[in-house]
Amino acid sequence: MEACTRESVALLQRNLTAGGVLAATPGPAAEARNYTRIFGRDAAICALGMAGSGVPALEQGAVASLDSLATLQAPNGQIPKFVDAEASDADFWYLGCIDATLWWLIAVHFVRRQSAEPGLAERWQPQVDKALQWLQAQEHQKLFLLQQNEASDWADIMPRSGFVLYTNALWYRVKRLYGLPHADETRYHFNHLFHPFSRDLPQYRRARLLSHYVRRHARNRDLYLSFVNFSVFGDEGDIFGNLLAVLAGLSDDAMSQRIVRAVERTASGDGLPLRVVLDPVSPEDPLWRPYMERHRQNFQYQYHNGGIWPFVGSFWVMSLVALGKREQARAALEQVAYANSLNGWRFSEWFHGRTLEPMGMAGQTWNAATFLLARRLVEGEKLLRRR
């Protein structure tokens, strides 16, 4: 744990630039895949571990990252998927990148309250207002949930579309942080749509129709569905989305315990953290898409389709802390530290869910940042407003 803390701080410092924190350590492989850019979701998640760390370079890097993303915000309010701060260029993905804006807003709220840097109370406010307006324009006006195209969030080669669990867990969190209207309605429809099995059907007839398809055909009823669209849905078991639902306060005690039991079934063995999908999508599944074969990357137990992501392991740790399971959280944090340490502190992006082979980019920045944040929570630090 101590070694991982030292190595995490060192990795974050290596991956810092004047414009903010890069997704991974620079090198030929990272440059070829644009990991030497400041990613909206990556940098925002990293800011949660950097702000309040007490390390001046990391405190400043968190602010610089949010600055770079704000500077290249689209005129309509969308935060980019990634920015090249040196070239003043931004990328917005193929079908849009909805979660970069959500994570950026969450990070802004966190950094304003946790950072040691002065003068942040009103910083980014014009960009915050535009970002919130852009998200509200994509909210269903009866269900109060965000709508999106497939492959347009962190799992960008997974076929989740329509109403997506992961995205709407973040949306509920944003609503609570910024005092947006209809948060209670968002929570109500979130639970009725993504887990309609043990509750009454909603009164709104279009929501009832969506739920009917799920109730008739879904297999896995221990977790929230990964997405719900017209006549199609995902019950592969999106672990990250379910953990965010716990952390956002969307799940009641009974649902939270079901999630914990289901997540425990994804344990890989050999001391590594959990897989990110309970039952990976196979090429024979109707949900399979040709783009999932891109780079031969998203087959079963790989990448977003059942790979082991150390940074998601840190969100598992945080979820356990939120549920009062501190000793279990400490053991899970040790697994994250072990995963980061493999191959000479490679900080591998992900591991194969069956073979446990280290895969993806080395020097993955959010592995380090989320470890630091999770450790602070395990050790009882209260993340409260500084001033």
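The largest nonpolar core of this predicted model comprises 133 residues, and Trp-103, Trp-104 and Trp-124 have the most contacts inside it. A nonpolar core is here a set of buried Ala, Val, Leu, Ile, Met, Phe, Trp, Tyr and Cys residues joined through side-chain atoms within 4.5 Å; buried means under 20% relative accessible area, with a 1.4 Å probe and protein chains only. Helix H5, residues 98–114, contributes the largest share of this core, namely 11 residues. Apart from this core lies another of five residues, including Leu-272, Ala-339, Phe-351 and Leu-356.

Trp-104 illustrates the packing. Leaving aside residues up to four places away in sequence, Trp-104 touches Ala-44, Leu-66, Leu-69, Ala-70, Ile-79, Trp-124, Gln-127, Val-128 and Ala-131, a contact being heavy atoms within 4.5 Å.

The chain as a whole has 14 helices and 10 strands, taken as DSSP runs (H or I, at least four residues, for helices; E, at least two, for strands) and numbered from the N terminus. Its radius of gyration is 19 Å, close to the 21 Å given by the globule rule for 387 residues, so the chain is as compact as a globular protein of that length. The radius is taken over C-alpha atoms, and the rule is 2.2 Å times the number of residues to the power 0.38. Of the 387 residues, 60% count as buried. Among contacts with a separation of 6 or more, 65% are made by residues 24 or more positions apart.

Residues are numbered from 1 along each chain as its sequence is written, and side-chain values use heavy atoms, without hydrogens and water. Local features need pLDDT of at least 70 and side-chain atom pairs count only at pLDDT 80 or more, whereas totals for chains, interfaces and linings use all residues.

Methods: Buried < 20%, exposed > 50% of the residue type's maximum accessible area, 1.4 Å probe, protein only.
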